Amino acid sequence: MSTSTTLNLSTVETRFDRLSDITDRVALINSVYDSDLNGAFDEMESFIGDARTWDPAEMDEDARRFYLSHMSFHREIVAEIISEARRVLLDDRRPFVKRLVNYHREFSKWLTGLERKYPI
C-alpha cells in the first residue's frame, strides 16, 4: 500500500480491527468442533500479506508504533496457538499445525527485519 500521503493512527487502527477476529478463527485449530480452517488461514495470510505492503516510512510515528505493536502481538498470538496445538495434538489438524508453523517462521523472520529497521 504505497501512497503519497502519510498513514495516520486512525487508518492503521481501522485496518487492524479485522485481525483479531481472523486470528480467533485460526485458533479453532485447537478445537474438535467443525470450522472453516482453510478459509481462516487464507484470510489471515491475505490480511498479513496486505499489511506487509504498508510502508512504515509513510506512517506517522503513532501509526508506526501501533502497526509494529500489532504485528509483534500477532507473532506472539500465533506462537501461543502453535504451542497449544502441540499440547492438544488433534490428528486431523496436523496439516494445519504444519502450515501455521511455516507461516509463523516466515512471518517472524520478516518482522524481525522490520523491527531492526524501525525500533520501537
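The model is predicted. The count of salt bridges comes to 12.

**Between helices H4 and H3**
- Glu115 and Arg75 form a salt bridge in which the closest N and O atoms are 3.0 Å apart.
- Glu115 belongs to helix H4 (residues 94-117) and Arg75 to helix H3 (residues 61-88), so this pair ties together parts that are 40 residues apart in sequence.
- Arg75 is buried, its relative accessible area being 13%, while Glu115 is partly exposed at 25% relative accessibility.
- The value for Arg75 falls under the 20% cut-off for buried residues.

**Within helix H3**
- A salt bridge joins the side chains of Arg87 and Glu84, with an N to O distance of 2.6 Å.
- Both Arg87 and Glu84 lie in helix H3, and their spacing of three residues is about one turn of the helix.
- Arg87 has a relative accessible area of 55% and is exposed, whereas Glu84, with 29%, is partly exposed.

**Arg94 and Asp91**
- The side chains of Arg94 and Asp91 also meet in a salt bridge, at 3.1 Å from N to O.
- Asp91 counts as exposed, with 57% relative accessibility, and Arg94 is partly exposed, with a relative accessible area of 45%.

Terms used
Residues numbered from 1 in each chain as written. Predicted model: local features only at pLDDT ≥ 70, side-chain atom pairs only at ≥ 80, totals over all residues. Heavy atoms only, no water. Salt bridge = Lys/Arg side-chain N within 4 Å of Asp/Glu carboxyl O. Helix = DSSP H or I, 4+ residues; strand = E, 2+ residues; numbered from the N terminus. Buried < 20%, exposed > 50% of the residue type's maximum accessible area, 1.4 Å probe, protein only.
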